[in-house]
Amino acid sequence: MREKRKNLRKILSLLLAGAVCLNLTACGQDSVGPEQVKKDFGVNPPEEKKGKKNTDDFYQLVGDKAYEDGPASYYYRAQGKSFQVYDGENFQDMFLKGVNLGAGVPGHFPGELAITKSQYQAWFRQISEMNANCIRVYTIQSPEFYQALYEFNLSAKKPLYLFHGTWLEENLIKKKFDAFDKKLRQYLRQEEEDVIDVIHGNCTIEAREGHASGTYRYDVSKWVIGWILGMESEGDFVQATNKKHGELTSYEGKYFTCKDVTPFEVYWTETAEEITSYEMEHYGMQRPLSCTNWPTTDALDHPSETMKVEDMVSLNMEHVKPTGEFKCGSFAAYHIYSYYPNFMYTQKEYRDYKDKEGQANTYEAYLKDLKIIHTIPILVAEFGIPASRGLTHVNDVTGYNQGQTEEKDQGEKLSHMMEDIYQEDYAGGLVFSWEDEWFKRTWNTANFSNPNRRAYWSDVMTNEQHFGLMEFVPGDYRQTVTLDGHPGEWTGEDLFCKRDGMEMSIKEDCAYLYLMVKKKGTRWGREEVNIPFDITPKSGAKSYGKTKMSRPVDFVLKLRGMKKTELLVQKYYNRYNFEYSNYGDKYNFMPLLKAGEKNAAHFEKIRYLLEVALDLPDRDLTIPKKDYYGGEMTFGTTDYEKDDYNSLADFYYRGEILEIRIPWLLLNFRDPSSNLVEGDFWGEKSYQDLKVQKIYLGLGDAKAKKTKLKAYKPKTWNSYPYHERLRESYYILKETYEQVGKPKKD
């Protein structure tokens with residue numbers, strides 16, 4: 001059997017590579033399934049475990065044959081509070097625990113579909129070893145994804161079940177803001193038909209920029225546990241659709257109906273009808289179904305919400321009613337995070353809620369509230385905590401924030417949220433996300449980088465890029481620099497300058513600029529050393545404190561021990577002031593901040609806006625404006641082998657050696673891969689790319705009368721080597737996933 005398995009994998013790999021000369025390009029031909037493999041190649045596929053041979057008491061294995069229910073057949077159904085798997089004889093409850101998979105890897109945007117088959121194979125194995133039982137994708141993937149999943153599930157003792165989505169073209173949404181727009185509906189209808197043919201291994205999709213394409217021959221339909229259709233719908237998009245089509249309040253289809261609902265819910269119902277009808281007509285199959293929802297458009301009232309758009313409209317999957325012809329049940333799918341929208345922590349009953357341990361738990365409070373309005377199973381289709389240096393939202397009650405979370409803490413928080421989901425009798429939870437996504441943006445740093453180059457570098461200040469349980473680490477096989485106080489990674493070629501009995505070396509990668517400062521006989525906890533930076537020729541100060549600079553400087557890195565090391569910015573070049581003033585123009589209750597003089601020797605803390613002041617509408621309470629100090633440097637080691645490893649560490653010193661890493665965004669780089677820095681935003685009244693060939697750095701004692709700066713030429717790249725690493729959160733969540741699904745404790 002082992003030899004046959006090896007032969008099968010080899011043959012299937014050759015098949016898509018084109019080495020086996022078979023006509024596989026036309027739609028409608030037999031897809032690759034176990035019977036076809038045996039017929040074509042004379043080998044048996046790997047044996048699968050039957051439903052009665054479960055490897056443990058908490059994992060249900062799908063049987064060989066689907067359940068036949070009249071004209072429909074299905075392997076899964078949503079019933080009561082749970083998903084159920086047909087094991088060939090009976091339907092068995094199964095708690096779902098999984099991850100969401102993105103489509104981007106470093107150096108590529110998601111539309112390029114650059115993830116390789118070998119990467120998928122490794123990921124599926126790691127996800128399964130984490131004790132997950134399902135994965136989710138948002139739209140059609142490359143053919144390699146389905147081939148890898150097919151091969152993995154055939155040979156795995158415990159296959160991964162797949163939640164599949166359909167995507168909406170965001171540019172079409174922006175043009176009309178109408179879910180019933182003809183072009184948007186045509187796009188979605190084609191997406192629905194394609195995704196069904198794709199999972200059945202019966203499709204060829206022509207090449208289109210930004211979309212998956214190719215020949216799909218691997219039938220993974222047996223493992224597709226459900227549809228999660230569409231995407232998070234913004235409140236203003238839903239409201240605009242409702243206003244344009246106020247007459248649409250009901251719909252009657254063969255499989256789904258709705259009555260006395262909103263037009264957007266009619267749109268949901270039509271979508272459910274279309275995808276079910278197509279799969280029934282062509283394959284005679286059904287599977288549980290939901291449309292993507294989130295707290296912004298839930299059917300609850302949130303009187304404390306200050307942003308009108310976040311509690312403007314309601315959508316409820318309960319209003320999409322299955323008929324007797326739809327056999328396997330619908331479910332509600334929500335993306336539920338702990339820090340957004342604001343009512344997740346401003347709502348009084350959530351703020352006051354205590355869990356059974358006596359701890360404040362706004363997340364559990366919301367889960368309890370949401371399930372009151374549902375009779376169908378509820379799946380938390382996304383929940384997550386990013387392990388990023390950057391921060392975007394803060395839950396001031398629980399500290400479950402969007403960013404600035406050390407990766408061990410990330411794992412603990414994700415585990416706690418998963419336990420809440422299980423204890424509240426939800427059908428399951430899917431962590432967002434499996435891997436980091438460098439192309440992403442977020443609202444409080446989006447203006448600070450070039451959108452066309454984000455995929456080429458790792459911006460640790462943008463939390464959306466670092467939700468992954470797996471990170472992409474710059475470098476072929478190890479960190480560029482491990483902050484540990486050892487000089488082994490530094491060579492003579494890295495030496496940059498010698499000043500005042502000190503020497504400084506420089507390295508860089510696509511995430512950080514690294515500095516190593518060595519000073520004989522020093523005690524770094526008491527010494528004070530300054531490193532000035534000249535980034536832009538447009539502005540800068542010729543002095544800092546009592547020290548004269550040989551060039552106008554934009555930043556000063558103050559090395560002052562564990563608690564006081566920080567990066568300061570010259571006031572005119574402080575993007576926070578300009579960004580804050582933009583919000584002041586938008587929200588007239590925010591004061592405008594002034595630019596300051598181009599060359600003034602006035603240096604400030606680097607801050608990022610988190611939230612404007614919130615006057616809660618349901619009670620006399622104001623939650624103050626929030627920002628955070630991004631230039632504060634955290635002491636710690638990045639040595640993975642050390643017990644005190646800290647993924648958020650910025651610097652470390654040991655004896656005479658101090659090592660520090662500075663995120664490119666903190667130095668106002670808009671794209672380090674092409675040496676684009678921030679221009680004169682005050683003068684241009686907008687953020688502008690400024691190409692520089694060199695930057696300048698100095699090194700001096702804090703008491704020095706003069707510091708000389710020297711030119712440094714950063715590298716450029718269009719492709720940067722990286723390697724994959726499982727974060728500590730992966731291993732913590734692995735233990736949690738092993739436990740959830742067991743009988744609940746009183």
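How many disulfides does the count come to? The count comes to zero. Keep in mind as we go that what you are looking at is a predicted model. A disulfide is a covalent bond between the sulfur atoms of two cysteines. Take Cys-258 as an example: the nearest cysteine sulfur belongs to Cys-291 and sits 11 Å away. A pair has to be within 2.5 Å to count, so Cys-258 is in no disulfide. Cys-258 is also buried, because its relative accessible area is 4%, and the cut-off for buried is under 20%. Cys-497 is another buried cysteine, at 5% relative accessibility.

So what about salt bridges? Side chains of opposite charge can pair when their charged atoms come close. Searching the whole structure turns up 39 salt bridges. Let's visit a few of them.

Start with Lys-81 and Asp-425, which form a salt bridge whose closest N and O atoms are 3.6 Å apart. Lys-81 lies in the loop between strand S3 (76-79) and strand S4 (82-86), while Asp-425 lies in the loop between helix H12 (407-423) and strand S20 (428-431), so this pair ties together parts that are 344 residues apart in sequence. Are the two partners buried or exposed? Lys-81 counts as exposed because its relative accessibility is 52%, and Asp-425 counts as partly exposed because its value is 29%.

Now try Arg-725 and Glu-471, whose side chains meet in a salt bridge at 2.6 Å, N to O. Here too, distant parts of the chain are linked: Arg-725 is in strand S44 (residues 722-726) and Glu-471 is in strand S21 (residues 470-474), 254 residues apart. Both Arg-725 and Glu-471 are buried. Remember Glu-471, as we'll meet it again.

For a pair of sequence neighbours, look at Asp-618 and Arg-619, where the salt bridge is 2.9 Å, N to O. Asp-618 is partly exposed, with a relative accessible area of 33%, and Arg-619 is partly exposed as well, at 22%. Elsewhere, salt bridges that share partners join Arg-185, Arg-189, Glu-193, Glu-270 and Glu-274 into one network.

In helix H7 (residues 235-244), the buried residues are Gly-235, Phe-237, Val-238, Ala-240, Thr-241 and Asn-242. These buried residues of H7 pack against H8, and also against helix H5 (170-176) and helix H6 (182-199).

S21 provides the largest share, four residues.

Finally, a few details of the backbone. Which peptide bonds are cis? One runs from Tyr-340 to Pro-341, with omega near -5°, and Pro-341 is in the loop between strand S16 (332-335) and helix H9 (343-346). Another cis peptide bond joins Phe-432 and Ser-433, with omega about 5°. Ser-433 sits in the loop between S20 and S21.

Asp-500 has a phi of about 50° and is found in the loop between strand S22 (495-499) and strand S23 (502-508). Asn-668 has a phi near 65° and is found in the loop between strand S36 (657-663) and strand S37 (669-671). What about their surroundings? Asp-500 is exposed, because its relative accessible area is 52%, whereas Asn-668 counts as buried, because its relative accessibility is 5%.

Terms used
Residues are numbered from 1 along each chain as its sequence is written. This is a predicted model: local features need pLDDT of at least 70, side-chain atom pairs count only at pLDDT 80 or more; totals for chains, interfaces and linings use all residues. Side-chain values use heavy atoms; hydrogens and water are left out. Buried means under 20% relative accessible area, exposed over 50%, partly exposed in between (1.4 Å probe, protein chains only). Helices (H or I, at least four residues) and strands (E, at least two) are DSSP runs, numbered from the N terminus. Contact means heavy atoms within 4.5 Å. A salt bridge is a side-chain nitrogen of Lys or Arg within 4 Å of a carboxyl oxygen of Asp or Glu. On a 1 Å grid over the protein atoms alone, a cavity is a set of points where a 1.4 Å probe fits but cannot get out, and a pocket is an open set with protein on both sides within 12 Å along at least five of seven lines; lining residues have an atom within 4 Å of a point.
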